[in-house]
Every structure is written in structure tokens, then in C-alpha cells.
Amino acid sequence: MLEIKGLKASVEGKEILKGIDLKVEAGQVHAIMGPNGSGKSTLASVLAGRDKFEVTGGSVTFEGRDLLAMSVEQRACEGLFLGFQYPVEIPGVSMASFMKMAVNQKRKYNGQEPVSAGEFLKMMRSKSAVVEIDSALTSRSVNEGFSGGEKKRNEIFQMAMLEPKLSILDETDSGLDIDALRVVATGVTKLKRPDNATIVITHYQRLLDYIVPDFVHVLYKGRIIHTGTKELALELESRGYDWLIKDYDNE
Amino acid sequence: MDEILEGRDPEYKYGFTSDLDMEYFPKGLSEETVRMISRRKGEPQWLLEFRLDAFRQWRDMAMPDWAHLNIPAIDFDDITYFAAPKKREGKSLDDIDPELLKTFDKLGIPLEEQKILSGVAVDAVIDSVSVKTTFRDELSKKGIIFCSFSEAVKEHPELVRKYMAKVVPPSDNYFAALNSAVFSDGSFCYIPPGVRCPMELSTYFRINAAGTGQFERTLIVADKGAYVSYLEGCTAPMRDENQLHAAIVEIIAEEDAEVKYSTVQNWYPGDKEGRGGVFNFVTKRGLCRGDRSKISWTQVETGSAITWKYPSCILKGDDSYGEFYSVAMTGNCQQADTGTKMIHIGKRSRSRIVSKGISAGRSQNSYRGMVRVMPSADGVRNFSQCDSLLIGSDCGAHTFPLIDAANSSAVIEHEATTSKIGEDQLFYCNQRGIPTEEAVGLIVNGYAREVLDKLPMEFAVEAQKLLAITLEGSVG
């Protein structure tokens, strides 16, 4: 589904990603871990197409197509979803109208008619149940006055609504208490299907108690320095990153 | 984001001209012009005296220069002060030039009553005259008078004399004096005591003729315990020259009366280089004369090259209430200096001001407001909120609030914010599949929501579309 080869990216002349290789197949869950400043969020932003990062090398194909040649909204309509670490507030715009616009833009892209009001309402109800989100949230302005937990749940709710092929969840667990964490993780698990894939970017192992990854990658100084299975996450939890980093720094 | 800010001409769908058989007065402004207008309209002597007196005052006045506006010199002798379609007289629609009917149809204002779906009565004004006022008969059954200003002068001179120029006297300001001298038509509305007007009343102003100024006055009187909601819309063709619009709106609310006045102002704003467009110099003021009376102004200002207007409330009655809700959006080279005055005279009078400025392109957008509390006014409350939203880095937003309280019991609150549409917000929308242009529209509408919600439903939808269209000019 996604194939990243030698991806390099920089911001304001400073190279952050120094050659990333990663292959994600449909039905898989990948976890990307690593210490602060290793480039995890940059990778997510570059894949989503944020223009403040300049891609200086490598290639990314998504479903066989050149992802880097697409605009941000094109990538979204092709089925790439980014769960934000810091979801943005849009005052005065209700979640419902925001989502309706998003859903319809995607339908338009795919040559479909806009969703009917009734159909959309049904969709909102069923999807909000998946992420155990209070449906009153959908009549409030986008992320405005939401608690940290509500914002993160709201990201998963949007993911449920948009049914992406590939979801990249950027530190979705940061700032969550254990209940919220469980709800978010359960939501992600429920949304998993054989034809979609998820990349979970996280700092802690605890999210991976609920979302079981097929692969765990350790990102450090802009490179994936180690890849393992879910046991690697446990090992990182008990031993920290130092042993890996030391190996790498000594190389 | 810079590449999306390149100016291009906004789509202005009302920019067409109509080929009407017209009667014009020669250009130029003199006592003789004033006399000609009055004679042409068959006015009584008192009104001619009023006009001449206003004209003499105007001659001795100077253009106001205190606004944050760059106003090119206006040659008042290069303007036609009276232009009217020839075939318009007669009560029946058959007597009206079909081209005129077509014009209003195109503007979405059908004048055949059976075509109007919603309960809105319209007074349609083109250039210097009112063409048709709908639903008059139905309204008159309730004692409501809704007609053109000219008709009111003929049919209800006692009411016109009693109320006209009592809120905005000719001496008030330069443009009020000019209007008082040369006004050609407008709307008149009187709601008798205890009557709740069963439908929205509206005036639709259209400038069509080239080189012509539009000077109309509107007078709305809500007698004791009456209620009316009034709507105003305006458009003009796209022309390279500037056109002058100097109007007066006066509202009087007696005891327990309530008037809600909503405007969607969409005069032609000029092209992206700032060529052409309407100069909009308007004096709007309401007098809450009776106790517990209420006047509410809601305006969405998207058009005009220059906007100079401050819909205000004189809160004379005890426990009276004034409101001002405004969205002023400027793009390209537009300039707007708009706001309100709340003059508290009555005890426990209250006011609320919510102003949302949106600047894009190279435009300049100013909020100017005054809250004045007179010594007699005990227990006054005011709340003001003035927000500015900037799109791009070449535009300006300015706020000039003035608070003048001469009674220490007054509670006055003022809040202000300035924000920019953030890259973060746009990226968030883009990532959900929403392209930048739609995203900006969404964010702007959200920002203006509190004011748009105050508009009657159909107007709100129209206003929302207008904001999006105005943005098209500035956000490519």
C-alpha cells in the first residue's frame, strides 16, 4: 500500500529525515517509536504533504502512485488520513458541517454525489458510537473548548467518518488518561480491516497494550535504526532506547 | 499561503446593466437642481424649503476627513441627481417596462406577488425612483403603511412631517445634508400601535444608470408596542467609474416597540486594481424614543469600494435596548470604515455591539465605535466585542473604540481580538480533503457565525454565499 524509499526531508535547511525506508501492506499495523526529536512527527507531516517541509530525496508510492506529487487534499481524498498530535480549533464551524464538507469533498473526488442529509446523520450516529464519543460533540465547533481527551477522540471519530485506506496517528496517546487511551485504542482496533492499514506514532509502549502492532520501528536521528515485532515495544519499555541508540551512535 | 492570495477579479454576478428607456436630469448640483427634483416629484412647499435649507447648509460644509479612508476627490457637478425609467408609472405591473421586471427577476427579486414564495414585502428602488411595492394591500388591512417615500409624502404628509429628519437632521453631517437636499425616493414604513408586522419588509436598492448617484431615504416608525423586521439589499452594475451612494435611514421606536433592521450590502466593489466601485456614505440612526423600546441593527457589508457608515442607536427611553451586529468584509482594494454609536440617555438602557471585520488582499478595514453615557443615565450596561480577521499580509485592520461615560454607575465592557487565518487551520482542513479556497470560506463563515445567525434565514444563506464570493477575489 505504502512504500517509502530513501526519504529525506528538511525544514529551513536543516535535514530532519535522512533516508527512511518503510513498507506498509494492507491489513497491517505499524508502530513508529523513538525518542523526542527523532523525526517521528516530521515523517507524518511529510507523508500528509505539509509544505513547510521540503522533500530533498527519495520516493513515496501510495497504492502504486507517486504520493509526493499530490496536493494535501488529493492525498486525503486518495485515502490518507493524519490524526493530529495537536488538533486545530475552528471557531464557529460545527463538527457536523466540517465533516459533511470533508465527506462530500472526498465523494466529489471519487465522482460520487454529495451525501444526503439523512444518510449523513445516520453515518454520524453510527460512527460516533464506534469511538464512544458524545454525539453532542458534533454540534459543537471544531475542537473549540474540547478537552485533550475529546480532541483525540474527535480525531478517531473523523477517521471513522472518512474511512481512510491509510491512517497515520501522530502521538494520539499523548496527554490522554488511561480511560481515554482505552477508548481511542479500541476505536482504532474496531476500525481495522483487511483492506486498510495504520501507522501509529507513539512515544510510549502503553498505547500498544491496546493496539497490537505487526511491526515496531525505532526512529532515531531521521533514520529507522531498528525494526521488530510487538515484543520490541515491550523491550523498549523496560530497557529504554539507550541500548539501541548506543549501538547506532557507535556505528 | 502567499500564492493563494494573488488578487483576481471577484465574481460579481449582479454586475450586468439593463437597457431601460430613461429620463435624466442634466449633470450638476445647484439650487436649480434641487428645485427641479422637487418640482418633478410634485412636492409640497414645505419639503422644497427643507431641501433648499439642507442644500445651503451642505454648501458651507466640508467633506469629513476623520475616517481611516483614502477618498478621492468627488466632483459633485459631474453627477446626475435624477435618473428614472420612463415606463414605470401605474399601479399594474403591465404598465411597467418589461425590461425593468426582468432586471429585478435577474436580481432574484420578483415583483409579481404570486412569484414570491416567502412572506417578504418588497419596495424596489432603481436609480432615483421606487418602481413597485408589493403586498401593500395586504399590509394595509393591518393598518401598516409600506410605500415609497414619494407616495408617503403625498398620502401621509402628516406622518412624514412628524418623523422625517428628527433622528438625522440635515445638519448632522456632510452626506446627510447632501441627501436631504437631493434625495429622490426611498421607503416609508409605519406600524401602528400594538401591531406585529406579519411579514418581513424590505427595500431593494439597485443603481443602474451610469454617472448617477443614488440618494434615498428610508423612514421606519414603529408605534407603541409594534414590531417589524426590515431587510435591505443593494447591488449595482460593474463600471469603471465610481458611483456615489449617500443614503439616510431613520428608525423611530416608540414605547415597547421593536425594530430589527438587517442589511446585506453588496454594491459593486470595483475590480482588483481598485478601478470603479460604489462610494457608500450612509447615515443610519435609530431613536429608541419610548421606554422599553428596542432597535437592532445587523449588517453584512461585502461590497462598495468605500464604505462609511455607522448605524447607531439613541437610547432615550428608560430600559431601552440597542444592538449592533456587523460583519464587514473587504478584499482587493476595498476600504471600509464602519461601526456604531450607542448614546445612552435613558435609565437602565442597555446596548450590545458585536463587530467582525475581515480583511483580505490590499484592503483596509476599520471599526469605529462610540459608547456614550449621559449624566442622567443611571444603571447603563454596554458590552462590545470587536474582532478582526486578517487574510494575507498586505491588508490592514484597525479599531477605534471610544467610550465616554458621564455617569459612574455605568458598566461597560469591551473585548477585542485580532487573528489571522492560520497555516495550521488550513492544513487541518486540507488534510481532511477540503481545498484551501473552501477552507478559507469555512473558517470565515465560522468566524462571522454569531452575526450571520442574527439575520433572517434566507438572508443568512445569501450572506454566507456573498462572503465566499468576496473571498474568491482575494483568495485565488
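This briefing walks through selected features of chains A and B. The model is predicted. In chain A, the topics are an open sheet of six strands, the buried residue A:Gln85 and the partly exposed residue A:Glu163. In chain B, they include the largely enclosed strand E10, the buried residues B:Val228 and B:Gln334, and the lining of a cavity.

**The six-stranded sheet of chain A**

- Six strands of chain A form an open sheet in the order E6-E9-E10-E3-E11-E12, and their pairing is mixed.
- Strand E6 (80-83) and strand E12 (223-228) of chain A are the edge strands, since each pairs on one side only.
- On average, neighbouring strands of this sheet are turned by 20° against each other, with direction ignored.
- Helix H7 (residues 230-239) of chain A packs on the sheet. Helix H7 touches E3, strand E11 (215-220) and E12 of chain A. The direction of the helix makes about 50° with that of E11(A).
- Inside the sheet, strand E3 (residues 29-33) and strand E10 (residues 197-201) of chain A run parallel and are joined by four bridges.
- Across this pairing, A:Ile32 stands opposite A:Ile201 in E10(A).

**A buried loop residue in chain A: A:Gln85**

- A:Gln85 sits in the loop between E6 and strand E7 (90-94) of chain A.
- Is A:Gln85 buried or exposed? Its relative accessible area is 16%, which is under the 20% cut-off, so A:Gln85 counts as buried.
- The side chains of A:Gln85 and A:Ser41 make a polar contact at 3.3 Å.
- Leaving out residues up to four places away in sequence, A:Gln85 touches A:Ser41, A:Lys152, A:Asp170, A:Glu171 and A:Ser174.

**An enclosed strand in chain B: E10**

- How many of the twelve residues of strand E10 (residues 242-253) of chain B are buried? Eleven are, so E10(B) is largely enclosed by the rest of the structure.
- Strand E8 (residues 216-222) of chain B runs parallel to E10(B), and six bridges join them.
- In that pairing, B:Ile220 stands opposite B:Ile251 in E10(B).
- E10(B) also pairs with strand E12 (residues 277-288) of chain B, in the parallel sense and over twelve bridges.
- Here B:Glu250 has B:Arg285 in E12(B) as its bridge partner.

**Two buried residues in chain B**

- B:Val228 belongs to strand E9 (residues 227-235) of chain B. Its relative accessible area is 0%, so B:Val228 counts as buried.
- Which residues does B:Val228 contact, leaving aside neighbours within four places in sequence? They are B:Ile191, B:Cys197, B:Leu201, B:Ile220, B:Glu258, B:Val259 and B:Lys260.
- B:Val228 and B:Tyr190 are 38 residues apart along the chain, and 9.3 Å separates their C-alpha atoms.
- B:Gln334 is in the loop between E16 and strand E17 (335-344) of chain B. With 4% relative accessibility, B:Gln334 is buried.
- The side chain of B:Gln334 reaches the backbone oxygen of B:Gly303 at 3.1 Å.

**Cavities**

- The whole structure holds eight cavities of 30 Å³ or more.
- The second largest cavity has about 120 Å³ of space.
- This cavity is lined by 17 residues, and the closest to its centre are B:Ser355, B:Gly357, B:Asn365, B:Tyr367 and B:Asp387.
- Which strands each supply at least two residues of this lining? They are strand E16 (321-330), strand E18 (350-359), strand E19 (364-373), strand E20 (381-390) and strand E21 (396-405) of chain B.
- E18(B) gives the largest share of the lining, with five residues.

**Positive phi values**

- A:Glu163 has a phi near 40°, a positive value in a residue other than glycine. A:Glu163 is in the loop between helix H5 (148-162) and strand E9 (166-170) of chain A. The relative accessible area of A:Glu163 is 43%, so this residue is partly exposed.
- B:Arg292 is a non-glycine residue with a positive phi, near 60°. B:Arg292 is in the loop between E12 and strand E13 (294-301) of chain B. B:Arg292 is partly exposed, at 43% relative accessibility.

Definitions and conventions: Residues numbered from 1 in each chain as written. Chains lettered and ligands numbered in written order. Predicted model: local features only at pLDDT ≥ 70, side-chain atom pairs only at ≥ 80, totals over all residues. Heavy atoms only, no water. Pairing = 2+ DSSP bridges. Axes fitted to C-alpha atoms, helices over the stretch in contact; angles between N-to-C directions. Contact = heavy atoms within 4.5 Å. Buried < 20%, exposed > 50% of the residue type's maximum accessible area, 1.4 Å probe, protein only. Polar contact = N/O pair within 3.5 Å; in protein donor to acceptor, adjacent residues only side chain to side chain. 1 Å grid on protein atoms, 1.4 Å probe; cavity = no way out; pocket = protein on both sides within 12 Å on 5 of 7 lines; lining within 4 Å. Points joined across faces, edges and corners; volume = space filled by probe spheres on them.
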